[in-house]
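Please keep the sequence and the model at hand while reading.

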Amino acid sequence: MEKLWRSRLANFAITQKSQLLTFADTERRLSEVLKAAQLEKLVNQKLSPAQITAVKDFAQRLTLIGTAAHPGLRPDIAEYQQIAELISAGKRKGLARRLERLASTRRRAVARMNEIDDYMNWFEATQSKTKSGVFADYLRTATDRPAEHRRRDALSVYLDAIEQQTHD
């Protein structure tokens, strides 16, 4: 039985390493779970047994997200788990500030990752000697498109003639 357990655990570890989420996917999943949990509201009230169960379920969902999460968001996910555990234990002192700080940290991280994505896209489009293939479909569509039919009214013909003269 132990051999079976170890082999299944090893297989799980291998598949999880190869299936890490991107930063954007991790952030999207985390945002969905946080929106559903509404921790900010739960911090300021005494919880019913049903709410305690919901907070524990939230912590379990965070654990699942954390297993495949982008490494940049794992500390945030772990902190949300700690906050959920404290809320379910009835220890709410200072958690509102912690949630605000954590939300601010996530906003800065998302903004920074968007800047990095923009830079990487710019670099690939303008500076890179090799191509990743990310934009291949777009480029293929742009080049495979049939030549547009030109309008034949007097103004369009005149503007086309000027354009051709300036490009030659």
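The text below takes these topics in turn, for a model that is predicted.

**Helix pairing**

The axes of helix α2 (residues 23-37) and helix α6 (residues 95-126) come within 11 Å and cross at roughly 150 degrees. Because angles over 145 degrees count as roughly antiparallel, α2 is roughly antiparallel to α6. The crossing of α2 past α6 is left-handed. The residues that make the contact are listed by helix.

| Helix | Residues in the contact |
|---|---|
| α2 | Phe23, Glu27, Leu30, Ser31, Leu34 |
| α6 | Arg106, Ala109, Val110, Met113 |

By class, the residues of this contact between α2 and α6 comprise six nonpolar, one polar and two charged.

**Nonpolar core**

The largest nonpolar core has 22 residues, and the members that touch the most others are Leu39, Phe58, Leu62, Tyr80, Ile83 and Ile87. At least two residues of this core come from each of α2, α3 (39-43), α4 (49-68), α5 (74-88) and α6. Leaving aside residues up to four places away in sequence, Phe58 touches Val33, Leu34, Ala37, Leu39, Tyr80 and Ala84. One of these, Leu34, also belongs to the contact of α2 with α6.

**Loop residue Gln38**

Which loop holds Gln38? Gln38 lies between α2 and α3. Gln38 is not a glycine, yet its phi is positive, at about 50 degrees. Most residues other than glycine have a negative phi. The relative accessibility of Gln38 is 40%, so Gln38 counts as partly exposed.

Key: Residues are numbered from 1 along each chain as its sequence is written. This is a predicted model: local features need pLDDT of at least 70, side-chain atom pairs count only at pLDDT 80 or more; totals for chains, interfaces and linings use all residues. Side-chain values use heavy atoms; hydrogens and water are left out. Axes are lines fitted to C-alpha atoms, for helices over the stretch in contact, and angles run from 0 to 180 degrees between N-to-C directions. Helices (H or I, at least four residues) and strands (E, at least two) are DSSP runs, numbered from the N terminus. Angles under 35 degrees count as roughly parallel, over 145 as roughly antiparallel, 65 to 115 as roughly perpendicular and the rest as oblique. A crossing is left-handed if the near helix is turned anticlockwise from the far one by less than a right angle, and right-handed if clockwise. Contact means heavy atoms within 4.5 Å. Ala, Val, Leu, Ile, Met, Phe, Trp, Tyr, Cys and Pro count as nonpolar, Asp, Glu, Lys and Arg as charged, and the others, Gly among them, as polar. A nonpolar core is a set of buried Ala, Val, Leu, Ile, Met, Phe, Trp, Tyr and Cys residues joined through side-chain atoms within 4.5 Å. Buried means under 20% relative accessible area, exposed over 50%, partly exposed in between (1.4 Å probe, protein chains only).
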